[in-house]
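Have the structure open as you read.

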Amino acid sequence: MSLNQLPEEILIRHILSYAEITIFDLQSLMFSCHTLYRFIRNSNELWRLKFSTRWPQIPIQCQERNERIWYERVALAIKAAKEVNNTLQEMSFQCYPLNQSPLSAADKLITGQHPIPECVQHELELMASTINENLTTQYYARDVLTKVKSRVIEHKLQDLMARPESQKSLVEGAALISQWFELGMLKQTSRSDIRRAIDDLTERVKKLTISTVCDAKFSFPTAEACDSLEKAKEILDVIHLVMFREIGFKLSPIYGLSLDHYCSIAEVLETKRGCHMLITIIFQEVARKLGVPLQIVIYGERSFHGERNLLLRWSKYPGEVDADRIYYIDVCAEIYESLKPCHCYQAAMGQPASSAQQVFQQMMSTMLEQLRNHWGSFLNFTGKGRDNDSRLLIRLAIIISPQERNLVLEYANLCLALNLQMDDAAQLLQSVGLQGHQMIKKCTEKVWRQQILIIAAKFVCNRPPTLKYAVGLIMEFKSMPVFYTNHSQPCVIVSWSPNFQKAGQWKTVRRRKAKSVQHQAYYHILIKNAPSGFIGLNVAEETLELHHDPDLAHEQLGSDFIGNGYFERFDGRSSYNRLCNK
């Protein structure tokens with residue numbers, strides 16, 4: 001009996017639904033004959049099943065299950081996966097001179113008529129995992145993944161800020177900011193995990209509230225308004241009791257928090273320690289779920305640490321302007337008292353409710369103030385140094401406050417200093433009306449120089465027979481300064497020149513009694529843990545010898561260089577990359 005003779009229900013539910021039959025198998029089978037094409041193509045549930053099997057991390061909403069044409073979505077997802085693979089295959093020569101991927105490569109993967117950034121991110125995570133044996137692909141997959149994540153978060157934050165104020169969720173924005181500080185991690189905090197933690201907190205408050213009032217008929221008010229001041233106060237008191245006494249939430253001083261902890265709602269929910277702003281946002285969200293809408297009010301001058309005073313405001317009717325019917329609560333006060341009359345906070349009287357943008361601007365300004373003045377108390381969250389941390393934090397602040405020229409100029413300065421993302425800096429300078437500024441000229445000039453290096457790197461030069469060593473060989477460099485204990489160091493060759501060539505970015509080293517400069521080859525090498533000034537060298541051939549223990553040298557060099565975009569694999573003697581001088 002052939003497949004065509006089987007009932008469609010049996011074929012789909014009991015044969016084609018097996019996990020061993022992949023999407024690609026299904027496509028091949030579908031194009032084998034007209035009959036199979038017809039019913040496989042139109043089997044919406046089968047394609048939905050294959051999609052969820054191939055991309056399990058992408059949530060499927062209830063309304064999507066039947067409304068979406070899943071064959072088309074699968075086709076788009078497969079196309080996105082292929083584009084990711086093709087992009088990474090080109091990365092080694094596209095970015096070899098700069099050791100970084102261009103931002104445009106990430107933008108290309110997540111833009112278009114039907115972008116599926118979740119699929120792109122999943123494919124990059126697979127290629128960036130340690131399972132991938134190709135070190136070059138693994139390195140650039142991580143690099144592109146970081147940029148894709150940053151672009152996705154940027155777009156989501158922009159969409160959030162564009163909504164009407166009544167539809168903006170502070171928890172959603174705080175979750176996106178948390179994810180920004182996890183850009184370098186393969187796994188980010190899920191917004192569903194944050195929602196689940198807050199839902200659990202809400203359920204604990206509900207149970208305690210009902211048992212406290214001893215009334216089986218107790219019902220929580222609607223989300224629009226609370227029935228009375230007494231009921232609102234009762235619910236808020238129980239929320240505070242659960243959060244601060246039962247669970248143990250505690251306010252930490254700003255100078256005692258790490259950079260990522262201050263801005264991470266996920267960290268606050270896990271450790272129960274955090275800044276005033278995030279604890280207040282969590283409290284406000286729980287109250288909202290229990291039918292007590294509260295507004296955040298930021299007031300007063302900045303303190304030494306960059307913070308401002310913060311309160312939650314309640315009134316029976318939305319938009320209330322009568323001060324006698326407005327009440328405040330400071331959730332982190334040493335002596336807690338909920339819904340105090342307006343006159344207890346004279347400085348806050350007349351202050352309007354703070355918008356979501358103002359709340360996040362306050363977070364960023366406090367963090368930037370700390371980063372500039374009290375760096376020693378903050379942890380490095382990128383592993384690449386203070387300047388790069390500043391650049392990422394300022395880039396996040398620009399997303400929230402896109403028209404702040406000073407922030408854009410500061411970001412462009414850091415990009416130039418770090419030799420990173422000059423094209424992004426140039427676009428931002430243009431967006432704030434600084435087209436004629438000298439900073440944009442500097443960024444454009446550096447981008448142009450980088451493009452020349454990238455184009456030049458695409459041409460392969462064959463190694464002449466007179467050249468003794470090849471790219472990728474683990475060597476012993478013999479000309480380190482004698483006053484260093486280990487003046488002989490393992491190194492790896494990353495490029496060569498048949499003759500001496502003066503290059504500004506490479507320091508040239510040869511022995512005092514060397515051969516004629518014109519009559520020997522020079523090699524670009526990388527040395528791990530080298531003294532300052534001896535990290536990237538253009539060295540004479542006579543200063544190099546084959547390393548006596550290449551396995552040891554590989555261990556010493558691999559973490560910094562072999563796995564850092566130059567090479568794909570190591571065979572015990574040499575490291576190899578896809579496109580280099582041979």
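Are α10 and α15 oblique or parallel to each other? They are oblique, a word kept for angles that are not under 35 degrees (roughly parallel), not over 145 (roughly antiparallel) and not 65 to 115 (roughly perpendicular).

Before going further, a word on the source. This is a predicted model, in which local features need pLDDT of at least 70 and side-chain atom pairs count only at pLDDT 80 or more, while totals for chains, interfaces and linings use all residues. Residues are numbered from 1 along each chain as its sequence is written, and side-chain values use heavy atoms, with hydrogens and water left out.

**The overall picture**

The protein chain has 21 helices and 14 strands. Both are DSSP runs numbered from the N terminus: helices are H or I with at least four residues, strands are E with at least two. Of the 582 residues in the chain, 49% are buried. Buried means under 20% relative accessible area, exposed means over 50%, and partly exposed is in between (1.4 Å probe, protein chains only). Take the contacts between residues at least 6 apart in sequence: 63% of them join residues at least 24 apart. Contact here means heavy atoms within 4.5 Å.

**Helix α10 and its two partners**

Helix α10 covers residues 170-180. It is mostly covered, with 11 of its 11 residues buried; among them are E172, S178, Q179 and W180.

With α15, the axes come within 10 Å and cross at roughly 140°. Axes are lines fitted to C-alpha atoms, for helices over the stretch in contact, and the angles run from 0 to 180 degrees between N-to-C directions. The α10 and α15 crossing is left-handed, as the near helix is turned anticlockwise from the far one by less than a right angle (clockwise would be right-handed). On the α10 side, L170, V171 and A174 make the contact, and on the α15 side L278, I281, Q284 and E285 do. Sorted by class, that contact has 5 nonpolar, 1 polar and 1 charged residues. For that sorting, Ala, Val, Leu, Ile, Met, Phe, Trp, Tyr, Cys and Pro are nonpolar, Asp, Glu, Lys and Arg are charged, and the others, Gly among them, are polar.

The other partner is α16 (residues 356-373), whose axis comes within 10 Å of the α10 axis and crosses at roughly 35°. This crossing is right-handed. The contact brings L170, G173, A174 and I177 of α10 together with A356, V359, F360 and M364 of α16. Its residues split into 7 nonpolar, 1 polar and no charged.

**Salt bridges**

There are 16 salt bridges in the structure, each a side-chain nitrogen of Lys or Arg within 4 Å of a carboxyl oxygen of Asp or Glu. Here are some of them.

| Pair | N to O distance |
|---|---|
| E123 and R54 | 2.7 Å |
| R288 and E285 | 2.8 Å |
| D424 and R395 | 2.8 Å |

E123 is buried at 6% relative accessibility, while R54 is partly exposed at 25%.

R288 and E285 sit 3 residues apart in helix α15 (residues 276-289), so about one helical turn separates them. R288 is partly exposed at 41%, and E285 is buried at 12%. E285 is also one of the α15 residues in the contact with α10.

D424 and R395 pair up in a salt bridge. D424 lies in helix α19 (residues 422-431) and R395 in helix α17 (residues 386-400), so the bridge ties together parts 29 residues apart in sequence. Both ends are buried, D424 at 5% and R395 at 6%. These two also belong to a salt-bridge network with D107, R151 and E154.

Most residues other than glycine have a negative phi. K272 has a positive phi, near 65°. K272 is found in the loop between α14 (265-271) and β2 (273-274) and is partly exposed at 21%. Q421 also has a positive phi, about 50°. Q421 lies in the loop between α18 (405-418) and α19, and at 10% relative accessibility it is buried.
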